[in-house]
Amino acid sequence: MKVSKLLIPTLREVPAEAEIASHILLLRTGMIRKLVSGVYGFMPLGWRSVRKIEEKAFHGSTALKEVIVAPDNSYYCSIDGNLYNKNVTKLIYYAVAKEASEFSVPSSVTVIDTYAFYACENLTSILLPQGLT
């Protein structure tokens with residue numbers, strides 16, 4: 001099916017309430033819609049992109065001290081400011097700006113994303129559990 005045949009509501013005009021470039025683009029491309037003043041909801045295309053966090057999603061973020069995930073998120077969770085999949089079997093991202101020099105990977109983790117520890121200059125020791133692949 002061609003993209004032109006899909007029903008994805010988009011906007012031609014710049015919404016009056018949008019000031020930041022990313023906000024304008026999210027509204028115009030149909031990723032989000034305004035529900036009430038100051039509250040926005042994801043449209044299906046936007047929700048699909050949120051569910052899948054790519055392995056380099058935080059690549060280059062040098063000041064991120066913690067990741068906070070809403071408790072009702074169906075796909076991800078955060079423990080001590082680090083990002084995991086919902087059942088804590090995959091470490092997706094270790095917050096790069098944490099001041100801790102040691103980190104113990106939870107025993108339930110069996111997979112660590114390729115860039116999970118990218119640019120973590122403060123870490124000097126990582127304790128890995130058995131069964132890690």
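Trainee: Which residues make the nonpolar surface patch of about 270 Å²?

Mentor: Please bear in mind that this model is predicted. The patch is made by Leu-35, Val-36 and Val-39. Of these residues, Val-39 lies in strand E2.

Trainee: Is Val-39 buried, partly exposed or exposed?

Mentor: Val-39 counts as partly exposed, because its relative accessibility is 39% and that class lies between 20% and 50%.

Trainee: How is strand E2 paired, and in which sense do the strands run?

Mentor: The general idea is that strands of a sheet pair through backbone hydrogen bonds, in either a parallel or an antiparallel sense. Here, strand E1 (residues 32-36) and strand E2 (residues 39-42) run antiparallel and are joined by 4 bridges. Within this pairing, Lys-34 stands opposite Tyr-40 in E2. The hairpin of E1 and E2 has 2 residues between the strands, and Gly-38 takes a positive phi near 80° there.

Trainee: What is the strand order in the open sheet of 4 strands?

Mentor: The order is E3-E4-E5-E7, and the pairing is mixed. Strand E3 (76-79) and strand E7 (111-112) are the edge strands, since each pairs on one side only. As for E4 (residues 82-85) and E5 (residues 90-93), they pair in the antiparallel sense over 2 bridges.

Trainee: Turning to strand E4, is Asn-82 buried or exposed?

Mentor: Asn-82, which is placed in strand E4, is buried, because its relative accessible area is 1% and the class covers values under 20%. Its contacts, leaving aside neighbours within four places in sequence, are with Cys-77, Leu-91, Tyr-93, Tyr-94, Ala-95, Lys-98 and Phe-103. For the protein chain as a whole, buried residues make up 28% of the 133 residues.

Trainee: How many aromatic pairs are there in this model?

Mentor: In general, a pair of aromatic rings is described by the distance of the centres and the angle of the planes. The count here comes to 4 aromatic pairs. In one of them, the rings of Tyr-94 and Phe-117 have centres 5.6 Å apart and planes at 40°, so the pair is tilted. This pair links distant parts of the chain: Tyr-94 is in the loop between E5 and strand E6 (102-104), whereas Phe-117 is in the loop between E7 and strand E8 (125-127), 23 residues apart. Tyr-94 counts as buried, at 2% relative accessibility. Ring pairs also bring Phe-103 into a cluster with Tyr-94 and Phe-117.

Trainee: With which residues is Val-14 in contact, leaving aside its neighbours within four places in sequence?

Mentor: Val-14, in the segment before helix H1 (21-28), is in contact with Ile-24 and Arg-28 on that basis.

Trainee: What share of the contacts between residues at least 6 apart in sequence joins residues at least 24 apart?

Mentor: In the protein chain, that share is 24%. To complete the reading, the accessible surface of the protein chain comes to about 9300 Å², with 56% belonging to carbon and sulfur atoms.

Conventions:
Residues are numbered from 1 along each chain as its sequence is written. This is a predicted model: local features need pLDDT of at least 70, side-chain atom pairs count only at pLDDT 80 or more; totals for chains, interfaces and linings use all residues. Side-chain values use heavy atoms; hydrogens and water are left out. Two strands pair if DSSP finds at least two bridges between them. Patches are made of residues with over 30% relative accessible area and no salt bridge: like charges are joined within 9 Å, nonpolar side chains (Val, Leu, Ile, Met, Phe, Trp, Tyr) within 5 Å. Accessible areas come from the Shrake-Rupley method with a 1.4 Å probe; for residues, only the protein chains shown count as cover. A salt bridge is a side-chain nitrogen of Lys or Arg within 4 Å of a carboxyl oxygen of Asp or Glu. Buried means under 20% relative accessible area, exposed over 50%, partly exposed in between (1.4 Å probe, protein chains only). Contact means heavy atoms within 4.5 Å. Rings of Phe, Tyr and Trp (its six-membered ring) pair if their centres lie within 6.5 Å; planes under 30 degrees apart count as stacked, over 60 as edge-to-face and the rest as tilted.
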